[in-house]
Amino acid sequence: MCEEVKALVRNADAVCFDVDSTVITTEGINELAKLCGVSEAVAVLTRKTMGGTMSFCEALNNRLNLIRPNQQLVEQVARQPIQLTPGIRDLVSFLQLRGVQVFLISGGFNQLVDPVALELGIPLENVYSNRLLFGKDGEYIGFDKSQLTSDSGGKGKVIWRLKETREFHTVIMIGDGFTDLEACPPAVSLFSSYFISFT
């Protein structure tokens, strides 16, 4: 990691991480799609989202309507071993020891993101993600569209809120995709290859 990036991270008030393919090596929605046998169809919709031809909320809704993940299926994925990206545990520990606030801001689902936060010692109140909704029999009935992360630009909205309510001056967003770039500004952008060799 270049010295300028190291200095930026060291001097940040808060560092926010994307989760799927950033903090962990997997993508939660892809794991759900795989178990339901709709991986290819979901991948097509994901590409449309990344290409900017469809809003995040619309794409998320369409993908979930293909998958129809019931509560039992989501719990099954949540029980799978967490595959952390190499170096992330050390980076989070380094930041926390220096008093830097660490947040997870994800377009994924709290049922899958919260266990990652707990694994890394990140308080759940520092987690912003989407919420799947289930009926009384555990059937999928939708997702909570009131969550800031449920639509395009949502990560940036979360960071604006953090800066306003916590009076952070420098907030860094670390991620690997278009929705992470949307958060910059208000955050400073870094990409996930910066995790390794942070000393």
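Aspartate 20 lies in the loop between β1 and α2, and in this predicted model aspartate 20 counts as buried, because its relative accessibility of 12% falls under the 20% limit. The place of aspartate 18 is in the loop between β1 (14-17) and α2 (28-36), and the UniProt annotation "active site", which comes from an unreviewed entry, covers Asp18 and Asp20. Of these residues, Asp20 is included in the lining of the largest cavity. The points below begin with these aspartates and then turn to the strands, the helices, the cysteines and some backbone angles.

**The annotated aspartates**

- Aspartate 18 is buried, because its relative accessible area is 7% and the limit for a buried residue is under 20%.
- The side chain of aspartate 18 makes a polar contact with the side chain of threonine 22, at 2.8 Å, and another polar contact links the side chain of aspartate 18 with that of lysine 155, at 3.1 Å.
- Aspartate 18 and glycine 108 are 90 residues apart in sequence, while their C-alpha atoms are 9.2 Å apart in space.

**From β2 to β3**

- Strand β2 (residues 101-109) and strand β3 (residues 127-130) run parallel, and 3 bridges join them.
- β2, helix α7 (residues 110-120) and β3 together make a right-handed β-α-β unit.

- In α2, the buried residues include Gly28, Ile29, Glu31, Leu32 and Ala33.
- As background for reading such a list, an α-helix has 3.6 residues a turn, so residues three or four places apart point the same way.
- Just after α2, glycine 37 takes a positive phi of about 75°.
- Glutamine 72 is found in helix α5 (residues 71-78), and glutamine 72 counts as exposed because its relative accessibility of 62% is over the 50% limit.
- Glutamine 72 and aspartate 137 are separated by 65 residues in sequence, and their C-alpha atoms are 10.0 Å apart in space.

**Cysteines and disulfides**

- How many disulfides does the structure hold? The structure holds 0 disulfides; in general, a disulfide is a covalent bond between the sulfur atoms of two cysteines.
- Is cysteine 16 buried or exposed? Cysteine 16 has a relative accessible area of 0%, and it therefore counts as buried.
- Cysteine 36, by contrast, counts as partly exposed, because its relative accessibility of 32% lies between the limits of 20% and 50%.

- Arginine 68 is not a glycine, yet it has a positive phi of about 50°, and its place is in the loop between α4 (56-67) and α5.
- Arginine 68 is partly exposed, because its relative accessible area of 43% lies between 20% and 50%.
- Glutamate 167, another residue other than glycine, has a positive phi near 60°, and it is placed in the loop between α8 (154-166) and β6.
- Is glutamate 167 buried or exposed? Glutamate 167 is exposed, because its relative accessible area of 69% is over 50%.

How values were computed:
Residues are numbered from 1 along each chain as its sequence is written. This is a predicted model: local features need pLDDT of at least 70, side-chain atom pairs count only at pLDDT 80 or more; totals for chains, interfaces and linings use all residues. Side-chain values use heavy atoms; hydrogens and water are left out. A disulfide is a pair of cysteine sulfur atoms within 2.5 Å. Buried means under 20% relative accessible area, exposed over 50%, partly exposed in between (1.4 Å probe, protein chains only). UniProt positions are given in the numbering used here, feature names are shortened, and annotations may be inferred rather than shown by experiment. On a 1 Å grid over the protein atoms alone, a cavity is a set of points where a 1.4 Å probe fits but cannot get out, and a pocket is an open set with protein on both sides within 12 Å along at least five of seven lines; lining residues have an atom within 4 Å of a point. Helices (H or I, at least four residues) and strands (E, at least two) are DSSP runs, numbered from the N terminus. A polar contact is a pair of N or O atoms within 3.5 Å; within protein, one must be able to donate a hydrogen and the other to accept it, and residues adjacent in sequence count only if both atoms are side-chain atoms. Two strands pair if DSSP finds at least two bridges between them. A crossover is right-handed if, with the strands pointing away from the viewer, the path from the first strand over the helix to the second runs clockwise.
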